[in-house]
Amino acid sequence: MAKIKVQGSDITVLALAERDYISLTDMAGAKDGYSRAADIIKNWMRNRYTIEFLGTWEMIHNPGFKVVEFDHFRKQAGLPSFVLSASEWIESTNAIGIVVRKGRYGGTYAYKDIAFEFGTAISVPFKLYLIEEFQRLKEQEQARLGWSAKRELSKINYRIHTDAIKHNLVPSEVTPQQANRIYASEADVLNVALFGMTAAEWREAHPDLKGNIRDYAGINELICLSNMESLNAVFINEGLPQRERLIKLNQIAIRQMQILEDTHTGLSGRTLIK
């Protein structure tokens, strides 16, 4: 949950099902007070253009949208007797663009595209400031994260290399002692092949850190680990002994990590394991 301030009013933004929903209740409250917020939303939803907009959005984004029920509302929209609440719209059409929440942070919320459209019912300046403040919020979230997959992938041709990063990310060769050791689980075969230690050895070396060895892996390491899991399954099906699989997986990990680093295919995630 986050809040943005639009022309002096706090507007709540919720992340639901990996989408940003903006409070129509807060927006309507900014116009004429919260006591009339529900009426403002209903008046907006009874408009024929609004129903067309909502229905079209749902048909584009919602495979489960009930088009027959939508057609019924579209025919009634604009008539003096037509009244439609957000709850009725959701229940009848299985809409996902608008949600109604109860309890804390309760109210009517809409996906950002729909909320921006609703902003027109408040005022054109309010809509424009809403869009600007929402974009500012997303930029701040990006800055707090430090990086995002979208931003990093857009800069895939920009190569960042240092000896320190390579030292941390490219695994060393498995020692004969490690190859001869019998490990308790297949997960530790992968851990030793990529990280050079078992999960128990990592916990002993990092008593102050929470989680496990893989929680502190970089993006490139996680990509490599996913590939190794598939390959290990193939090797098991082929009947390769664990010692041979460990050596082969270690060699593969070294090659893949060098490729990922040298071509910057990954997201340059830096491991905290040392």
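**Notes on the predicted model**

1. The structure, a predicted model, holds 10 aromatic pairs. One of them joins tryptophan 44 and phenylalanine 118 edge-to-face, at 4.9 Å centre to centre and with 75° between the planes. This pair links distant parts of the chain, since tryptophan 44 belongs to helix α2 (residues 37-45) and phenylalanine 118 to helix α6 (residues 112-122), 74 residues apart. Both tryptophan 44 and phenylalanine 118 are buried.

2. Phenylalanine 73 and tryptophan 89 form a tilted pair, 5.9 Å centre to centre with 45° between the planes. Phenylalanine 73 is in helix α4 (residues 67-76) and tryptophan 89 in helix α5 (residues 86-93), so the pair ties together parts 16 residues apart in sequence. Phenylalanine 73 is buried, at 11% relative accessible area, and tryptophan 89 counts as buried at 0%. Ring pairs join Phe65, Phe70, Phe73, Phe82 and Trp89 into a cluster.

3. A charge also meets a ring: the charged end of arginine 19 sits over tyrosine 111, 5.3 Å from the ring centre.

4. Helix α3 (residues 48-61) has 14 residues, which at 1.5 Å a residue should span 20 Å; its end C-alpha atoms are 20 Å apart, in agreement. Thr50, Ile51, Leu54, Gly55, Trp57 and Glu58 of α3 are buried. Viewed down the axis of α3, the buried residues fall within an arc of 160°, so they line one face of the helix. Tyr49 and Ile60, on the other side of α3, are exposed. Asparagine 47 caps the N-terminal end of α3, with a side-chain oxygen 2.7 Å from the backbone nitrogen of tyrosine 49.

Definitions and conventions
Residues are numbered from 1 along each chain as its sequence is written. This is a predicted model: local features need pLDDT of at least 70, side-chain atom pairs count only at pLDDT 80 or more; totals for chains, interfaces and linings use all residues. Side-chain values use heavy atoms; hydrogens and water are left out. Helices (H or I, at least four residues) and strands (E, at least two) are DSSP runs, numbered from the N terminus. The expected span of a helix is 1.5 Å times one less than its number of residues. Buried means under 20% relative accessible area, exposed over 50%, partly exposed in between (1.4 Å probe, protein chains only). The arc is that of the directions from the helix axis to the C-beta atoms. A polar contact is a pair of N or O atoms within 3.5 Å; within protein, one must be able to donate a hydrogen and the other to accept it, and residues adjacent in sequence count only if both atoms are side-chain atoms. Rings of Phe, Tyr and Trp (its six-membered ring) pair if their centres lie within 6.5 Å; planes under 30 degrees apart count as stacked, over 60 as edge-to-face and the rest as tilted. A charge sits over a ring if NZ of Lys or CZ of Arg is within 6 Å of the ring centre and within 35 degrees of the ring normal.
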